[in-house]
Amino acid sequence: MGTMIEQNTIGQIDEGARYGRARGLFAIWFSTNMTLLTVVTGTLGPAVYHLSFALSLLAVCAGNLVGGVLMALHAAQGPALGVPQMIQSRGQFGSIGSIPIVIMVIIMYIGFVASNFVVGADALHYVMPSMAQPWEVVLMATLAFIPCVIGYRVFHVFSAPLAFVATVAVVLCALLGVHQTGIAPLLNLSGSFSHVFQVFSLSVLWQISYAPYVSDSSRYLPARPETYLKTFWACYGGSVIGSVLAMGLGALLASTMPHMEVVAAIGQLCGSLGGLVVLALTLSIALASAMDMYCSTLSTITLAQNIFPKWMPQGKERIGVSLATLLCALGIALFMSKSFLGFYSSLLDVLMAVLVPWTAINLLDFYWFRRGSYKVADFFRADGGVYGRVNIPALVSYGVGLACEMPFLDLTFFHGCWAGRWVSFDISWILALLGASCAYVVLVKSHFYGRE
């Protein structure tokens, strides 16, 4: 059993231990997105923003195409450096300066795991209605925990067959939905531009939310220049196509059956096949939850290694941290099961606020200033090596990004003083992206601090 469990955690993967092909990442990111949680996200256009199916689908396609570029650029960092994304962030923010980012990422992915547990439990209830709701959440957690414990290799083994099964399920639902509704009603273009932009923004964010851990799944690939471009396209294609298909189904269900929850709508649409379709998407949720837990675990180990720099855990320690992650997510899922949509909406709002400035700084530093050249050994030094403990310009630039977006934020629990004043839609994430990027370029170009 011990040989089955992945022993590598946050350490750099030696070149001799690298294996696999970039195209294998397509199935991983396709299947990760072909889940009920992605379908639920697609319902937000018609259900929350009152957009027609056509406009919802247009916004979903555009947002995923744009956000997928940023996500895939992070993916290409994996084979180049051979370390998880949050370890690599020490190269921009310093060994201590990266801690706030790591903490936010841990919280974010525990929230996503909990969200998947709630949606998965609803699906299990449809398949096994006699089971009590808390036990459905526990079963969902168990299904996710097993592949998380085994590690990276299991994602490659199961992602391709799950991608095929989920695709059949989603396409079947879509065809039945179109047949039942007809083409003409789906071509309606009702809805406001501000709401189209809001769904576009959420779709961009959906892709950016993978940025803090997408290279965790690509760090085992050989460090060859041709691998980087292949990694980009494999992750981009898998994530964007999977997201658009699943979100498109969500928009279709919300448009044609607006008063029904997703699982019930799928069941009614597919009739006797409803249970099999829901079960297929439930298995995809288990794999996606396992991925989220796996990467949250690596981030938690990264945080602990900041405090104990000589600690380099292996498989046994990773299992213990994974169990702690599971218990946190399980507690949240049981607590929020009756108010899921409110929690999930707030989670997406917070993600938009905190992730965009980070991704701007990370990508600028990696691709423009350092051109992928880092001293990886220094990531693990107590003093941060050449990157130091705190990189003031990166933190200042991050703060500038937050300062640019705060007045324009329009969240469920916070309304910026300028939100909606000049434009009726939320442009805060664009301002955060531009603000953090400009500040970082200016500070680096002005030689505000020394670089190796």
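**Notes on the predicted model**

1. The protein exposes about 17800 Å², of which carbon and sulfur atoms supply 71%; accessible areas come from the Shrake-Rupley method with a 1.4 Å probe, and for residues only the protein chains shown count as cover. This is a predicted model, in which local features need pLDDT of at least 70 and side-chain atom pairs count only at pLDDT 80 or more, whereas totals for chains, interfaces and linings use all residues. Residues are numbered from 1 along each chain as its sequence is written, and side-chain values use heavy atoms, with hydrogens and water left out.

2. The protein has 19 helices and 0 strands, counted as DSSP runs (H or I, at least four residues, for helices; E, at least two, for strands) numbered from the N terminus. Its radius of gyration, taken over C-alpha atoms, is 21 Å, close to the 22 Å that the globule rule (2.2 Å times the number of residues to the power 0.38) gives for 452 residues, so the protein is as compact as a globular protein of that length.

3. Of the 452 residues, 59% count as buried, meaning under 20% relative accessible area with a 1.4 Å probe and protein chains only.

4. Helix 10 (residues 152–181) has 30 residues and should span 44 Å at 1.5 Å a residue, which agrees with the 42 Å between its end C-alpha atoms; the expected span is 1.5 Å times one less than the number of residues.

5. Buried residues of helix 10 include Phe155, Leu162 and Cys173, and their cover includes helix 13 (225–256) and helix 15 (274–307). Just after helix 10, Gly182 takes a positive phi of about 95°.

Technical notes: Buried means under 20% relative accessible area, exposed over 50%, partly exposed in between (1.4 Å probe, protein chains only). Contact means heavy atoms within 4.5 Å.
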